[in-house]
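Please look through the structure below, which is a predicted model.

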Amino acid sequence: MKYTTTIILRDKKYEVKAGSTLLSALNKLEILPESIICVRDGELITEDTILKDGETIKLVSVISGG
Amino acid sequence: MKCKKCGGKAAINMRQHNMGLCKDDFLQWLPEQTQKFIEKYKMFTPDEKILVAVSGGKDSLALWDILRILGYQADGLYIALGIDEGFSYSAESQRLTEKFANEHDLNLHVVNIAADYGTDLPMLAKKTKRGRDKPCSTCGLVKRHEMNRLARDFGYDVLATGHNLDDEAATLFSNTLQWNGDYLIRQHPVLPSKDGLARKVKPLFHFYEREMAAYALLRGIEYIYDECPFAEGSTSTQYKELLNQLENQHPGAKMHFFVKFLTAKKKGLFAEPTTEIVPELHICPTCGQPTSAQENCSFCRMMKKSSEW
Ligand code: SF4
Ligand SMILES: [Zn+2]
Ligand SMILES: [Zn+2]
């Protein structure tokens, strides 16, 4: 059986293994935690959050220019 | 992770401070810290009139929100540059800025470059060939000139911009890579009023970009998420990414880089040369702003060139 969490960053969608921390998922996806904030169900969450099966985490990129 | 203040669930972890905070405590902490830096750096007082340069992005809208919450007299200035590039960048950022101003009953000045000068920014940059393929240097000149003009015409004491620590660290990195002495001497969160120009301040210079994004999100501020189409691939974005890689390995690195620069400066590391030849300042005959040229200032020369095109 496979447990997955969906992570969305801009128009990209990633499927990662549930059960580990958000930080380890970010590391695997090579996304710098410094450059994003993480939102679940409209709430801001920290990187030590354990990912649950079936949930979706939205990443908001924080770097802006101009 | 737990909130350092109340022990509840943290919404954000700020590794450089070794501190996690919940939503409510973060939303209280950030304006309090801003107030602390406004006082520490003597940026302005409650009886001064502040003009906030608002772009519709997270930082400037958050700054306006914070100054409002802290009880300062802060009006906004939006400069409509006419950047479209297929997704109405300027129009959308203006809409969001006006929406924010309306919701909080704030006073907003809107300057429209195309309406006032007959040409939008991308066209102006093409006509005057200032930037080869990017209009950024023209844009900087236009914004500076118009901010100074509005501040003077409406009698504002202070001009405030939403630059955060990542912006400042990236600028410092760029100036250091080139040992650009003139810029290093001038880079500071407060530039005193000079030659009839308003004081310039950056009240958010101590916050990470990610804290400002978190603030905007938690406060429910609707801001323009896409960056300016011309910012893509810019060196400042590259430097921010580099500094974030460093920050990831060494929490606090980018903060120390900038804050220790300020300390070193205070101790005289970047003192103005004593024998400096101070360029004599003149008054531009067209717009009345100070300039080192004995004729029109660079803004007015550019506008003249554009009208002759
Ligand atoms: S990136 Fe856009 S807003 Fe920023 S300076 Fe360049 S043209 Fe102006
Ligand atoms: Zn708390
Ligand atoms: Zn002029």
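**A pocket and a zinc site**

The second largest pocket holds about 560 Å³ of space. Its lining is made up of 21 residues, and those closest to the centre of the pocket are Leu9(A), Arg10(A), Ser61(A), Ile63(A) and Glu241(B). Two elements each give two or more residues to this lining: strand S2 (12–17) of chain A and helix H10 (235–249) of chain B. The largest share is that of H10(B), with 4 residues. By residue type, the lining of the second largest pocket divides into 8 nonpolar, 5 polar and 8 charged residues.

The metal site is in chain B. Here the zinc ion (ligand 2) is coordinated by the SG atoms of Cys3(B), Cys6(B) and Cys22(B) and by OD of Asp25(B), at 2.0 to 2.3 Å. Along the chain, these donors follow the spacing C-x2-C-x15-C-x2-D. Cys3(B) lies in the segment before strand S1 (12–14) of chain B, whereas Asp25(B) belongs to helix H1 (residues 23–40) of chain B, so this pair ties together parts that are 22 residues apart in sequence. Both Cys3(B) and Asp25(B) are buried, with under 20% relative accessible area.

What arrangement do the 4 donor atoms form around the zinc ion (ligand 2)? Four donors count as tetrahedral if all angles lie between 85 and 135 degrees. The 4 donor atoms of the zinc ion (ligand 2) subtend angles of 100 to 115 degrees, and the arrangement is therefore tetrahedral. For four tetrahedral donors at a metal, the ideal angle is 109.5 degrees.

Notes. Residues are numbered from 1 along each chain as its sequence is written. Chains are lettered from A and ligands numbered from 1 in the order in which they are written. This is a predicted model: local features need pLDDT of at least 70, side-chain atom pairs count only at pLDDT 80 or more; totals for chains, interfaces and linings use all residues. Side-chain values use heavy atoms; hydrogens and water are left out. Donors are N, O and S atoms within 2.8 Å of the metal (3.2 Å for Na, K and Ca); water is not among the atoms, so sites may look incomplete. Four donors count as tetrahedral if all angles lie between 85 and 135 degrees; four count as square planar and six as octahedral if opposite donors are over 155 degrees apart and all others between 65 and 115; anything else is irregular. Buried means under 20% relative accessible area, exposed over 50%, partly exposed in between (1.4 Å probe, protein chains only). On a 1 Å grid over the protein atoms alone, a cavity is a set of points where a 1.4 Å probe fits but cannot get out, and a pocket is an open set with protein on both sides within 12 Å along at least five of seven lines; lining residues have an atom within 4 Å of a point. Grid points are joined across faces, edges and corners, and a volume is the space filled by probe spheres set on the points. Ala, Val, Leu, Ile, Met, Phe, Trp, Tyr, Cys and Pro count as nonpolar, Asp, Glu, Lys and Arg as charged, and the others, Gly among them, as polar.
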